[in-house]
Amino acid sequence: EYVEGSKKMSLKMLDERSDDVTAAIPRELSNILLAPFNNLPPPLWDALKIASCIGYSFDADLYSTLNQVLDFMPKIRELAVKHECFEQTGSHFRWKQQAVYEAVKSLLMVNQRQNIHRMIVRAFKQHKIANDDIDVKGGDVHRLLGRHCALAQDWAGAFEQYMKAGDRAKATFNFNEASKMYEEAIDFQAKMTEQPPLRSRMIPTINLGTCLRELARYKEAEAVLTRCLNEAQSEFSDITLDEHLYVRALTALAALYQAQSKYEAARKLYEKAVPIARNIQESKSSLWLAGNIAGYAETLRKSGDLPQAESHHREALEIRTRAVQEKSCTELELAVSYTQLGCTLAGMRQYEDAYEQHHRALALRYRYLDFSHGLVSESLNYCAESLCALGRGGEGIPLALHAVEIRKLIFGTSHPAYAHALSVLASCYHAVGRSFDARDCLEKCLEICEVAFQKNHANIIPNLMNYGNVLRSTGDLVKARIVYQRAITIHQLNFKRGQQASQLEKCKTELEDLSRKIELLESSASSATNNLSHAPLKVPFAPPDIEDRGTPVIVFTDIGRDVDDELALVVMSSLRRMHLLNPIAVITTLCPEENRAHLARGTLDAIGMADVPVGVGSSGGVDSDVELEVYGADYSRASPCIHEDGMGLVYRALESVPPKSAQILCIASLSDVATLIREREELFTTKVKEVILMGGVVSLEAGEALIPDSAYNNNCDVSAARFVYKKCQELGVPTATLSRWAAYGCPIPPQLLDEIAKSEHMVATNVRGVSKLSIDQLWNKVILHPADPRREKLPSRCDINWFCRTFMGTTEVSKDWTSSIWSHVKKLNMYDPLAVLLCVPAYRSTHFKWKTKIVNGVQHIVVGTSELDTGICNRLSLYHEYATLFLTAFTESLHKEKSSFL
């Protein structure tokens with residue numbers, strides 16, 4: 001085909017499914033295309049022909065086994081370099097001209113191509129390529145080998161390999177891929193000359209139906225599994241019945257009926273299958289038997305027969321425990337029973353016992369599985385749900401957030417599993433008073449469920465009840481009543497009288513209560529109609545319990561500029577758990593302040609401080625048309641609970657605390673602290689006992705008062721910095737300044753970030769990735785001329801020599817620094833986490849030395865006055881302190897055991 005616009009000629013196959021291209025390209029055209037390669041030696045021609053059979057593009061590592069037989073890849077590299085046949089990117093090769101690829105392919109007769117594919121299959125089998133070796137390149141050796149078997153018309157081999165590929169994809173929760181593999185396997189089986197036995201035909205069909213069920217493709221799954229069961233029943237006589245296979249067919253269809261809320265139909269199939277399974281399994285430690293009993297118990301649980309469900313789940317747990325004791329499986333198998341039993345106990349409102357079971361399952365899955373595994377997300381989800389039921393929803397939010405992210409990665413955003421994670425997250429948000437965040441999560445959840453499930457599916461009922469409860473909290477009583485009415489209707493369509501009776505009773509009670517309240521509001525002359533659908537006024541701050549919860553702190557941060565602001569919040573979360581500090585507001589400043597608020601909100605949620613309010617501050621002294629960077633994070637989120645009036649939040653927070661009890665921690669521009677003092681000076685002097693500043697001052701001997709220096713935070717808004725220092729000294733409010741010299745006195749190795757990332761907490765892994773990017777970005781600024789606007793607010797003293805001294809411990813610039821500067825970094829400075837530690841008297845007296853300036857009879861301290869006087873007592877001791885606090889925050893928020901790497 002000739003494309004006029006681009007003046008390019010392309011070749012198209014008449015039948016894209018056909019592998020026979022001998023007739024697609026005329027011999028004359030083929031000769032023209034291949035003329036440049038006429039003088040190739042035969043071994044290189046052979047390599048070209050093999051490459052044409054492999055495909056238009058391929059990875060060298062995947063086909064490394066051919067090197068041992070044919071010295072294949074060295075020849076491909078020679079063809080790429082000397083003859084320009086291929087383009088190479090790393091280990092990946094692609095034909096440079098598709099027309100040449102098609103021409104080479106057309107030279108081969110069908111039987112020649114089949115022989116080449118047979119040779120490739122033999123090479124793979126002879127060298128027993130491990131599947132894990134292939135995974136690093138994103139492939140699957142079984143799928144790859146199956147393709148070559150199919151092209152060699154080895155249908156039995158193709159069937160075997162695609163079955164293995166399907167089993168592997170199914171085990172990793174990649175049900176979409178698994179279903180495709182099983183469909184291919186079934187197609188290849190149909191091409192076999194000899195009819196395979198029924199067992200060989202049924203197993204891929206059952207597996208396909210199971211995957212379709214997991215993908216919520218219920219109609220397709222039901223057609224596949226019903227046909228499979230009917231075939232099994234028709235072909236087997238009572239004498240020749242393969243009972244094991246028959247039970248598999250029964251339970252696969254039963255599990256589908258359960259997923260469709262057809263509990264009676266599911267129960268009947270299980271009651272037929274389980275007795276057969278008990279008879280054919282003489283061993284009392286059969287995992288297969290345990291699985292069938294547990295499947296029956298799950299149907300009992302979901303249909304409302306909780307005592308019977310508990311009894312069967314405990315039996316399954318006993319069987320699995322014996323199997324572990326007999327060493328026929330690992331203890332990971334117990335996690336299945338712990339999870340199912342936990343769900344049953346939760347349904348019986350035994351929430352403490354339910355959490356204990358789910359936490360046992362989570363601990364085992366942490367130990368044996370990758371953090372991103374679907375079963376880990378399941379346990380995270382159920383632990384969060386149990387914590388929420390126990391009134392500990394704040395603890396559940398980090399777990400639920402990670403479950404949402406894992407399920408998003410595995411299942412995508414249209415799967416019921418993802419919807420369930422959103423529902424649990426919504427419950428946790430609602431438990432800490434974040435009803436509008438809960439509402440947003442539930443609306444996404446219900447949107448998914450309406451598409452994924454059949455109309456009026458029973459699984460929607462808990463989500464509707466949750467949604468109605470949340471709507472009531474937001475003040476939308478009319479909509480809440482409609483939602484509860486729909487939940488009642490769906491319940492009546494799915495359950496018989498007496499089934500899930502407590503669920504129905506709760507819905508009816510809520511409906512009646514809502515109706516009374518709506519009638520009362522409608523009949524009240526003093527109530528406006530809008531009161532039925534608008535949110536109630538914000539609840540005022542409760543007075544903090546200083547003895548129980550620690551010193552109240554208001555934090556001003558420019559989070560997102562570099563990672564130490566985020567790590568400061570991480571340290572704060574550990575100190576909060578220790579009841580030393582109690583953050584009562586976090587205000588983001590420095591343009592774009594709204595984006596910084598989104599990051600702060602997500603970070604606080606992920607580290608267990610979802611109840612700490614976030615407010616949007618000012619631009620931090622930066623011109624409104626200048627936007628500084630904010631690094632990205634998947635957990636950064638816009639939230640209805642973010643206070644747009646950040647200063648209003650500050651005033652309300654200060655009004656709630658006792659006199660002279662609060663600390664102001666400013667680890668950013670001082671613009672907003674200056675606004676606080678200007679607008680509410682009396683509130684400031686009455687409530688604030690100390691201001692902690694990350695910045696710096698000029699020499700203490702320079703005059704009678706402290707004067708801010710050119711530190712970044714001071715430099716963002718110089719007039720605000722001078723005003724804050726001046727007024728604090730005039731008003732007698734003590735200050736504690738931590739300078740950059742203190743940070744230089746206690747650097748950290750980059751390896752610390754690698755180690756905390758091993759916790760697999762989303763904040764820890766993001767901080768590790770962003771740190772490298774931040775260092776590279778800082779380097780790109782310091783190499784610019786001091787007057788270059790791209791340096792933003794970076795002080796002129798921060799030049800190349802400063803960078804080398806600060807991060808590399810050298811003053812020489814190497815010519816080899818042409819790539820990322822990160823690999824050359826020897827130390828990083830943690831400014832803001834140190835400022836957080838300075839807020840706590842015990843840490844201050846143990847780890848810091850300071851100089852004092854007395855102004856108007858009040859002490860103002862400065863930690864770090866020069867390169868020689870860093871103010872750090874013991875660098876290693878302080879490093880260990882805040883490294884431990886980092887790790888504690890990440891592991892405890894995920895309910896993990898602490899690592900001993902420190």
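Let us start with a pair of helices: the axes of helix H19 (residues 374–389) and helix H21 (residues 416–431) come within 9 Å and cross at roughly 30 degrees. That makes H19 roughly parallel to H21 (angles under 35 degrees count as roughly parallel, over 145 as roughly antiparallel, 65 to 115 as roughly perpendicular and the rest as oblique). The axes are lines fitted to C-alpha atoms, for helices over the stretch in contact, and the angles run from 0 to 180 degrees between N-to-C directions. H19 passes H21 in a left-handed crossing, a term for a near helix turned anticlockwise from the far one by less than a right angle. On the H19 side the contact (heavy atoms within 4.5 Å) is made by Asn381, Tyr382, Ala384, Glu385 and Cys388. H21 brings His420, Ala421, Val424, Ser427, Cys428 and Ala431 to this contact. By class, the contact of H19 with H21 has 7 nonpolar, 3 polar and 1 charged residues; here Ala, Val, Leu, Ile, Met, Phe, Trp, Tyr, Cys and Pro count as nonpolar, Asp, Glu, Lys and Arg as charged, and the others, Gly among them, as polar.

Before going on, please note that this is a predicted model, in which local features need pLDDT of at least 70 and side-chain atom pairs count only at pLDDT 80 or more, while totals for chains, interfaces and linings use all residues. Residues are numbered from 1 along each chain as its sequence is written, and side-chain values use heavy atoms, with hydrogens and water left out.

Now for the whole chain. Its secondary structure comes to 40 helices and 13 strands, where helices (H or I, at least four residues) and strands (E, at least two) are DSSP runs numbered from the N terminus. Of the 902 residues in the chain, 54% are buried (under 20% relative accessible area, with exposed over 50% and partly exposed in between, for a 1.4 Å probe and protein chains only). Among contacts with a separation of 6 or more, 70% are between residues 24 or more positions apart.

H27 (residues 563–577) and H36 (residues 762–782) pack at an angle of about 160 degrees, with their axes 10 Å apart. These two helices are therefore roughly antiparallel to each other. Val563, Glu566, Leu567 and Val570 of H27 meet Val763, Val767, Val770 and Ser771 of H36. The residues of this contact divide into 6 nonpolar, 1 polar and 1 charged.

Next, look at single helices. Helix H6 (residues 110–127) has 18 residues and reaches 26 Å from its first C-alpha to its last, close to the 26 Å expected at 1.5 Å a residue (1.5 Å times one less than the number of residues). Its buried residues include Ile116, Met119, Ile120 and Phe124. What covers the buried residues of H6 includes helices H2 (42–54), H3 (65–70), H5 (98–106) and H8 (141–151). In helix H33 (residues 718–731), the buried residues include Phe723, Val724 and Tyr725. Just after H33, Gly732 takes a positive phi of about 75 degrees.

Two single residues complete the walk. Pro275 lies in helix H14 (residues 263–280) and is partly exposed, with a relative accessible area of 40%. Tyr744 lies in helix H34 (residues 740–744). Not counting residues up to four places away in sequence, Tyr744 touches Arg797, Trp802, Thr806, Asn829 and Tyr831. The C-alpha atoms of Tyr744 and Thr870, 126 residues apart along the chain, are separated by 7.2 Å.
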